[in-house]
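The report below reads a protein model from its overall make-up down to single residues. Please keep the sequence and the coordinates in view while reading.

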Amino acid sequence: MNDVAQRDEGASVPTSREQRAEALLPPVDIFEQGNALHVIADMPGVTHESLSIEVDNNVLSLEGEVRIEMPEGLAAIYAEVRAQRFVRRFTLSHEIDTDAIQARIENGVVHLVLPKKETHRTRRIEVQPA
Amino acid sequence: MFDDLRRFDTGPFQGVDWFRQLMDEFFTEGGAADIRAVPRGSYPMINVGRTDDAVRVYVFAAGLSAGDLEVSIQDNVLTVSGKREAVVPETEGEERRTDFRRERYRGAFSRSLALPDGLDVERAEARFRHGVCEVLLPKREELKPRRIEIRAA
């Protein structure tokens, strides 16, 4: 995994159920192309530093803290985003090469590439003429 | 410097599970909804906060940058509009692609929101960071809180 995926062993990851309940579910696109699965997640306000991606026991976790600057004394008038974190988890299938997962974040969009293991790649089978 | 979004928590929190999000939409806590409010999960989501001297609008527009979002204000109604294209991986051109989930918004959008009175639109500023556009709308001088001196009798 690259540096985005490796950081943060739990410093900012909430453990209590209460904290988890206050997380937002980011919308994702998932597709398969070029011997890899691609996961694209909208996590606006999450930075390179506040994003944590982990694979544990075949479960992929995406967690990110929304970091926006708010001045002292700011009172809400109207709110659609009512949590500080984005959290989403997926169960991976066995053919994903978890060591080769790559991640990047740009403008609050996370793009994960999950390559399949060499042995599971699509092979074209030639059909012999009879 | 960075503070807590939970200050925006004006009601029951938005749960992780889709079921509760769905139920929240059907049973909206008895309160009246804003006429321009949208269902949760719409794109982009918007928060509005107020300080003594300004109103701040946060537009959660992941995937956009400064040039992609148009912000306008007319008669105290703020409109944000723009377009977000689907992400296409650069390397694989014509390879077959199988979609499993398509939850992210794609295409053009336009959202409007009524703002409080008394804002100095001429001095408005907007900036974009990490997919969040922050619009700062200063209050007009005469509407700022004022300290009133109490004179001795």
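Predicted model: local features only at pLDDT ≥ 70, side-chain atom pairs only at ≥ 80, totals over all residues.

Residues are numbered from 1 along each chain as its sequence is written, and chains are lettered from A and ligands numbered from 1 in the order in which they are written.

Chain A has 2 helices and 9 strands, these being DSSP runs numbered from the N terminus (helices H or I, at least four residues; strands E, at least two). Read from the N terminus, the order in chain A is α-α-β-β-β-β-β-β-β-β-β. Of the 130 residues in chain A, 35% are buried, a residue being buried if 20 or more other C-beta atoms, placed from the backbone, lie within 10 Å of its own, exposed if 12 or fewer do, and partly exposed in between. Among the chain A contacts between residues at least 6 apart in sequence, 59% join residues at least 24 apart, where a contact requires C-beta atoms, placed from the backbone, within 7 Å.

In chain B, 3 strands form an open antiparallel sheet in the order E3-E4-E6, strands being paired if DSSP finds at least two bridges between them. Strand E3 (69-74) and strand E6 (107-114) of chain B are its edges, each pairing on one side only. Neighbouring strands of this sheet are turned by 15° against each other on average, direction ignored, with axes fitted as lines to C-alpha atoms. Strand E4 (residues 77-84) of chain B is joined to E6(B) by 8 bridges, and B:Gly82 stands opposite B:Phe109 in E6(B).

B:Arg101 lies in strand E5 (residues 97-102) of chain B and is partly exposed, because 13 other C-beta atoms lie within 10 Å. B:Arg101 and B:Val121 are 20 residues apart in sequence and 41 Å apart in space, C-alpha to C-alpha.

The table gives the contacts of two residues, leaving out residues up to four places away in sequence.

| Residue | Residues touched |
|---|---|
| B:Val59 | B:Pro44, B:Ile46, B:Leu69, B:Val80, B:Val132 and B:Cys133 |
| B:Arg101 | A:Val28, A:Asp29 and A:Ile30 |

Definitions and conventions
Axes fitted to C-alpha atoms, helices over the stretch in contact; angles between N-to-C directions.
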